[in-house]
Amino acid sequence: MKLTIIRIKPNPAGKDRPPHGGPSPAQLAAEWVDFRNDQGQDVSLNGVSLWHLTYAPGRAPEWAKVQTFSGTLPIGKIVRVHSGQKRELSVIRPEDLVAADYHVFTGEDEYVWNNRQGDSPLLFVEATKTTIDRASYDPNPPEGVVLVRTGDKLVAPVSRAANW
């Protein structure tokens, strides 16, 4: 099975915790990760799950399940997993809708991806204990930037202007 984690937006622009109440649905949905079917044929997502690293003071990081999938993903199609409860797509900012074919939600009105320590999205099949794909990003990703896959890392794209 060839599912590839291709990009992530782990640190959406704006305040993570507004002074009054929790983050807005649009703010939560602005945190996301994308994966693509690179198999060359449709792929069953039944039993495939997305995981990430959690950190607790004084303990080693531990893997935690974010989402379990079902259904079939057609060739070349991209799934975007947004943080938060399932929402109408109309509440999501336009820039967080583009370049994905399917939009799913983690189901919890909490952010998932770690900023201070970095993180590692992992696609995994629990029944066979098989890792499908894993990538990581470094601590303190830039706010509002979509990190793209380069090797096994998710990194901020290099600006063309910086190369002049």
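Predicted model: local features only at pLDDT ≥ 70, side-chain atom pairs only at ≥ 80, totals over all residues.
Residues are numbered from 1 along each chain as its sequence is written, and side-chain values use heavy atoms, leaving out hydrogens and water.

Let's start with the big picture. Going along the sequence, the pattern reads β-α-β-β-β-β-β-β-β-β-β-β-β. The radius of gyration is 16 Å, close to the 15 Å that the globule rule gives for 164 residues, so the chain is as compact as a globular protein of that length. That radius is taken over C-alpha atoms, and the rule is 2.2 Å times the number of residues to the power 0.38. Along its principal axes, the C-alpha trace spans about 45 × 45 × 40 Å.

How much of the chain is tucked away? Of the 164 residues, 41% count as buried (under 20% relative accessible area, with exposed over 50% and partly exposed in between, using a 1.4 Å probe and protein chains only). As for contacts (heavy atoms within 4.5 Å) between residues at least 6 apart in sequence, 63% join residues at least 24 apart.

Now zoom in on strand 7, residues 78-82. Here 5 of the 5 residues are buried, so the strand is largely enclosed by the rest of the structure. Ile 78, Arg 80 and His 82 point one way, while Val 79 and Val 81 point the other. Strand 7 pairs with strand 2 in the antiparallel sense over 5 bridges (pairing takes at least two DSSP bridges between the strands). In that arrangement, Trp 32 stands opposite His 82. Strand 7 also runs parallel to strand 8 (residues 102-105), joined to it by 4 bridges, and there Val 81 has Val 104 as its bridge partner.

Trp 32 comes up again with Arg 80. The charged end of Arg 80 sits over the ring of Trp 32, 3.6 Å from its centre; the cut-offs are NZ of Lys or CZ of Arg within 6 Å of the ring centre and within 35 degrees of the ring normal.

What about rings meeting rings? The whole structure holds 2 aromatic pairs (rings of Phe, Tyr and Trp, the last by its six-membered ring, with centres within 6.5 Å; planes under 30 degrees apart are stacked, over 60 edge-to-face and the rest tilted). Phe 35 and Phe 69 make an edge-to-face pair, 5.2 Å centre to centre with 65° between the planes. This pair links distant parts of the chain, with Phe 35 in strand 2 (residues 32-37) and Phe 69 in the loop between strand 5 (62-68) and strand 6 (72-73), 34 residues apart. Both Phe 35 and Phe 69 are buried. Trp 51 and Phe 124 are also edge-to-face, at 6.0 Å centre to centre and 80° between the planes. Trp 51 belongs to strand 4 (residues 48-54) and Phe 124 to strand 9 (residues 122-125), so this pair ties together parts 73 residues apart in sequence. Trp 51 and Phe 124 are buried too.

Terms used
Helix = DSSP H or I, 4+ residues; strand = E, 2+ residues; numbered from the N terminus.
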